Amino acid sequence: MGKIVDVKFIVKEYTYEKPFHIANSIAAGSTNVEVQVFVENGAIGYGEAAPSYRVNGERVETFPTLEAFVKEQLVGVDVRNYRRIFDIMDGLRSASSVKAAVQFAVLDAFSVETGVPVYQLFGGAKDEIETDKTVGIDTVENMATEARKIFESGFKTIKIKVGEDLKKDIQVMEAIAEVTRGANYIVDANTGYTPKEAIYFAKALYSRGIDISVFEQPVKAEDIEGLKFVRYNSPFPVAADESARTRYDVLRLIKHDAVDFVNIKLMKSGISDALAIVEMANTAKIQLMIGCMSESSVGINQSVQFALGTGAFVFHDLDSHLMLLEDSFRGKFVQKGPRMLA
């Protein structure tokens with residue numbers, strides 16, 4: 001039988017190899033919560049919550065108080081009836097990363113019980129995906145050097161953080177383009193620009209012959225009209241990240257015709273909303289990328305399984321575990337440079 005007998009939350013701390021700097025935020029490490037779901041036949045499922053106060057308003061200090069509630073709701077429920085558990089977890093509107101971790105841990109336990117990998121439970125669309133790797137905000141010289149090293153190590157897509165200094169950001173892109181010819185670029189302003197600044201930045205790159213594949217979240221999360229304004233005046237595809245937390249956010253973006261891409265992050269939406277967003281985007285002909293917060297290999301595994309299973313994503317930004325210091329790799333996938341294999 002696959003009935004849940006226990007749920008445990010375990011707080012874990014990780015340190016970045018070097019401080020991770022994005023627009024108006026610098027992090028030295030991440031405090032995450034590992035969720036373990038125990039099933040009566042001995043199977044154990046693992047998930048991870050990587051909270052973000054900046055994006056979700058979450059604080060890891062509040063998560064232990066949810067453990068008793070989750071246990072009360074789930075003990076006695078069969079993991080084979082995971083849709084019921086998804087519905088219960090949808091009530092955790094103020095703790096979306098916990099919702100994601102619990103939902104995945106249940107699927108992981110079901111996977112162990114049945115012997116079917118989680119990515120096949122999601123549909124088994126792909127056996128392999130490829131991630132980008134991120135260049136955080138630094139000096140122009142350091143960012144160009146890091147981008148060159150990333151490109152030379154085999155990563156074809158480079159994500160570049162901007163949004164604090166418009167003039168310098170243009171110089172950064174010029175320097176990176178010079179040393180990584182042939183790479184694809186995802187440029188992420190993390191809400192750092194005004195709409196006019198974002199358009200100026202995009203047109204400045206275009207006039208210099210620098211092409212970017214995705215211009216991610218150039219303006220404030222709440223500024224849907226600004227996002228649409230940038231989209232209609234930018235030579236590059238515009239993506240929503242901080243503006244697209246739930247299925248309802250994405251529905252609003254679609255209605256406003258505001259974006260070309262949506263960045264799904266399980267830490268923002270949970271698995272249930274992520275599945276709904278995939279279907280909405282496919283119907284509206286909006287393209288998708290999948291991203292991460294500050295997950296270890298346990299948490300990145302969730303997104304890798306989701307991406308492999310659904311096959312829904314043009315770009316995969318699943319590199320946080322490559323920047324964190326971990327004692328051991330614990331993902332249920334194979335990492336070969338940028339390649340992630342089932």
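What percentage of the 342 residues in the chain is buried? Buried residues make up 55% of them. Buried means under 20% relative accessible area, exposed over 50%, and partly exposed in between (1.4 Å probe, protein chains only).

1. **Basis.** This is a predicted model, in which local features need pLDDT of at least 70 and side-chain atom pairs count only at pLDDT 80 or more, while totals for chains, interfaces and linings use all residues. Residues are numbered from 1 along each chain as its sequence is written, and side-chain values use heavy atoms, with hydrogens and water left out.

2. **Overall form.** The chain has 13 helices and 15 strands. These are DSSP runs numbered from the N terminus: helices are H or I with at least four residues, strands E with at least two. The radius of gyration is 20 Å, close to the 20 Å from the globule rule for 342 residues, so the chain is as compact as a globular protein of that length. That radius is taken over C-alpha atoms; the globule rule is 2.2 Å times the number of residues to the power 0.38. Along the principal axes, the C-alpha atoms fill a box of roughly 65 × 40 × 35 Å.

3. **Contacts and surface.** Take the contacts between residues at least 6 apart in sequence: 74% of them join residues at least 24 apart. Contact means heavy atoms within 4.5 Å. The accessible surface comes to about 13900 Å², and 49% of it belongs to carbon and sulfur atoms. Areas come from the Shrake-Rupley method with a 1.4 Å probe; for residues, only the protein chains shown count as cover.

4. **Annotated site.** An unreviewed UniProt entry lists Asp188, Glu216 and Asp241 under "binding site". They are spread over 54 residues of sequence but cluster in space, with a largest C-alpha distance of 9.2 Å. Of these residues, Asp188 and Asp241 are included in the lining of the largest pocket. UniProt positions follow the numbering used here, feature names are shortened, and annotations may be inferred rather than shown by experiment. A pocket, on a 1 Å grid over the protein atoms alone, is an open set of points with protein on both sides within 12 Å along at least five of seven lines; lining residues have an atom within 4 Å of a point.

5. **Asp188.** This residue is in strand S7. Aspartate 188 counts as buried because its relative accessibility is 0%. Beyond four places in sequence, its contacts are Lys159, Ile160, Lys161, Val162, Glu216 and Gln217. The side chains of aspartate 188 and lysine 159 form a polar contact of 3.5 Å. Such a contact is a pair of N or O atoms within 3.5 Å; within protein, one must be able to donate a hydrogen and the other to accept it, and residues adjacent in sequence count only if both atoms are side-chain atoms.

6. **Asp241.** Aspartate 241 sits in the loop between strand S9 (238-240) and helix H10 (247-255). It is buried, at 1% relative accessibility. Leaving out residues up to four places away in sequence, aspartate 241 touches Glu216, Gln217, Asn263, Lys265 and Lys268.

7. **Two asparagines to check.** Asparagine 24 has a positive phi of about 65 degrees, although it is not a glycine. It lies in the loop between strands S1 (4-22) and S2 (25-39). At 62% relative accessibility, asparagine 24 is exposed. Asparagine 190 also has a positive phi, near 45 degrees. Its loop runs between strand S7 (184-188) and helix H8 (195-207). Asparagine 190 is buried, at 2%.

Note on methods:
1 Å grid on protein atoms, 1.4 Å probe; cavity = no way out; pocket = protein on both sides within 12 Å on 5 of 7 lines; lining within 4 Å.
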